[in-house]
Amino acid sequence: MSDLFGMGAGTQMIVAFFVFMALRVPVAFALGLSAMYAMWKIGFGFELAGDLIATGIGKYALLAIPFFILAGTLMGSLGIAERMVRFFRVLIGDLPGGMGVVGTVVCLFWGAVSGSGPASVAAIGPMIIRGMEEDGYPRAAAAALVCTGAALSIVIPPSIGLVIYGVIAETSISALFIAAIIPGLFMGLLMLLVLPFIKARGRDALDRLAPAPVTAGYWRDLGRTFRESFWGLMTPVVILGGIYSGVFTPTEAALVATVYALAVGAFAYRTLTWRVLYDALTDAAASSAVVMLVVAYASLFGWVVTVEDLVGQYSGQLLGLSDNGAVILLVIMVILLIAGMFMDPVTVMFISLPIFMPVVRELGWDPVWFGVLVMVNLAIGLITPPVGINLYVAANVTRLPIERIARAALPFLVVSLIGLAIVAALPGLSLFLPELMK
C-alpha cells in the first residue's frame, strides 16, 4: 500500500507520528493514531487493536514499572530522601565541592531506589538545590546538577528503562542490572569534574584546597545521621542484593521494594499516614499510567512495524551504510541522541529497538552492553532541549526559566557525551561484572 509519495503504510505511519508530535499531540496518542491509520491503510479492522494492546501490556516483567514508581514515590514522601541527604551531607563534610558532591552522591544513590529520572528530580531536587545554594552554587547550576544526576536513574539499577529494554530486546533484565552498575557510577564520577567550574560563579572555585580536620563532633553527627537514615540506606541493598543472589526476580523486587518502603515508613520512621499513602498511590498511579499508555499504544505501532517488515527494510539499510561496525554504531548513537531530544526514553525504545536489535545481532554485539549504551544515551536526552523532561521538572521545582537551567546544564552535557563515548569504546565497563558473576 504505497499511494502517498510512493511510501508504504508503515513509512506513512512513521511520518504521521512525527506530524502528530509536531502538532503537540501527546506521545501515547500520537503512537496510537498513527498506528491505527496504518492499520486502516493495510486493511485490518480496528477490532484487532484491543487484542494487540492487551498483549502488549500483558507482560509479566512490565509489572515492575508501577511498583518501582510507587516505591520511589513512597520513599520520597515518607522522609527517607530527607534523611539520606542529611547523612551524606555530614559524610562528605568539608570536602572540596561540598554540597555539589553531596548532590551527586545522593542522585546516584536515589537512582538505585527510584528508577525514574523525573521522579528523582521531584523527590530529592528541592533539598539538594536548597543545600547547594546555601553552599554558594548558583541556583540554575544546582538545578542542572540534579537534572543530570537524576537522569542516571534510568542507568543505575533497578531502572525502569532497563526493564523495558529487556522486554523489547528479550534480554535478561538481571544481567542488564548488573552490567549498568559500573557505567552508572562512572557517569556520576564524571559529573564531579564540572563542580569546580560551576562553583567558581558562586563563591570560590573549591573554597579550600583540602578538607577541614575531622573532629569528634563529626563522628558524633555521622553516627546520628547514619542511625536515622539506616533503613533508607538499606533499600538498594535489599533490592539489588535480592536480585543478584537469586532470591527474587527484578519484577518481584519491585513489589519487595514497595512493601519495604511501607514497612520502613510504618515501623521505623513512623511517618506513614493514610494521607501520605493516598497521595503516594495517586502520584504513582498517574506516573505509571503515562508510561503504560505509551507501552499500550506502542504495541500497535510495533505490530505495524512487523507486518510491513520495516525492521528488515531499515535494518538492512543501516547495515548497508558501511562495513565498519564502529561507523554503524556511531550512526545509531546519533539517531538515539536526536530522538532523545524530542521524545521520552520509553517511546524512543519502542520505536527504534525493533529496528536496531537485528543489527546488533548481525554484527555480533553483546545485547547487554548495547542495552547499557542505549540507557546512557537516553539519559542524556532527559537533559537535552527541547523535550528534556528533567529540565521541565526542575524548572517547576525552582521556578526558573527552562532556558537558564538548560544553559547551566551544558557542562554536564559535554562530560556526559564524553562518558557515552567511553562506555561505547570500552565494552568491558559494562560486561566486567556480568562476566565475573557467571
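Which residues of α2 are buried? I took that as my starting point, after some notes on the model.

**Ground rules**

I am working on a predicted model, where local features need pLDDT of at least 70, side-chain atom pairs count only at pLDDT 80 or more, and totals for chains, interfaces and linings use all residues. Residues are numbered from 1 along each chain as its sequence is written, and side-chain values use heavy atoms, with hydrogens and water left out.

**Overall**

I looked up the secondary structure and found 23 helices and zero strands. Helices (H or I, at least four residues) and strands (E, at least two) are DSSP runs, numbered from the N terminus.

I checked the radius of gyration next. The rule for a compact globule of 438 residues gives a value near 22 Å, and the protein has 22 Å, which agrees. That radius is taken over C-alpha atoms, and the globule rule is 2.2 Å times the number of residues to the power 0.38. Along the principal axes, the C-alpha trace spans about 75 × 45 × 45 Å.

Burial came next. Of the 438 residues, 54% count as buried. Buried means under 20% relative accessible area, exposed over 50%, and partly exposed in between (1.4 Å probe, protein chains only).

I also looked at contacts, meaning heavy atoms within 4.5 Å. Among those between residues at least 6 apart in sequence, 78% join residues at least 24 apart.

**Helix α2**

Back to my opening question. The buried residues of α2 are Val27, Ala28, Ala30, Leu31, Gly32, Ser34, Ala35, Ala38, Met39 and Lys41. What covers them includes α1 (9-22), α3 (47-57), α15 (274-307) and α18 (345-362). As background, an α-helix has 3.6 residues a turn, so residues three or four places apart point the same way.

I checked the helix length. The 16 residues of α2, at 1.5 Å a residue, should span 22 Å; the end C-alpha atoms are 23 Å apart, which agrees. The expected span is 1.5 Å times one less than the number of residues.

Past the helix, I found glycine 43, with a positive phi near 110 degrees.

**Serine 34**

I picked serine 34, in helix α2 (residues 27-42). Its relative accessible area is 0%, so serine 34 is buried. Where does a polar atom of its side chain find the backbone oxygen of leucine 31? The two atoms lie 3.1 Å apart. A polar contact is a pair of N or O atoms within 3.5 Å; within protein, one must be able to donate a hydrogen and the other to accept it, and residues adjacent in sequence count only if both atoms are side-chain atoms. Not counting residues up to four places away in sequence, serine 34 touches Met13, Ala16, Phe17, Phe20 and Phe301.

**Aromatic rings**

How many aromatic pairs does a search of the whole structure find? I got 11. Rings of Phe, Tyr and Trp (its six-membered ring) pair if their centres lie within 6.5 Å; planes under 30 degrees apart count as stacked, over 60 as edge-to-face and the rest as tilted. I looked at phenylalanine 230 and tryptophan 231: ring centres 5.1 Å apart and planes at 75 degrees, so the pair is edge-to-face. Phenylalanine 230 is partly exposed at 28% relative accessible area, and tryptophan 231 is partly exposed at 41%.

I then found arginine 83 over the face of tyrosine 269, at 4.0 Å from the ring centre. A charge sits over a ring if NZ of Lys or CZ of Arg is within 6 Å of the ring centre and within 35 degrees of the ring normal.

Most residues other than glycine have a negative phi, and most peptide bonds are trans. I listed some exceptions. The peptide bond from proline 157 to proline 158 is cis, with omega near 0 degrees. Proline 158 is in the loop between α8 (139-151) and α9 (160-169).

Glutamate 170 is not a glycine, yet has a positive phi of about 55 degrees. Glutamate 170 sits in the loop between α9 and α10 (173-192), and is exposed at 72% relative accessible area. Arginine 270 also has a positive phi of about 55 degrees. Arginine 270 lies in the loop between α14 (250-268) and α15, and counts as exposed at 68%.
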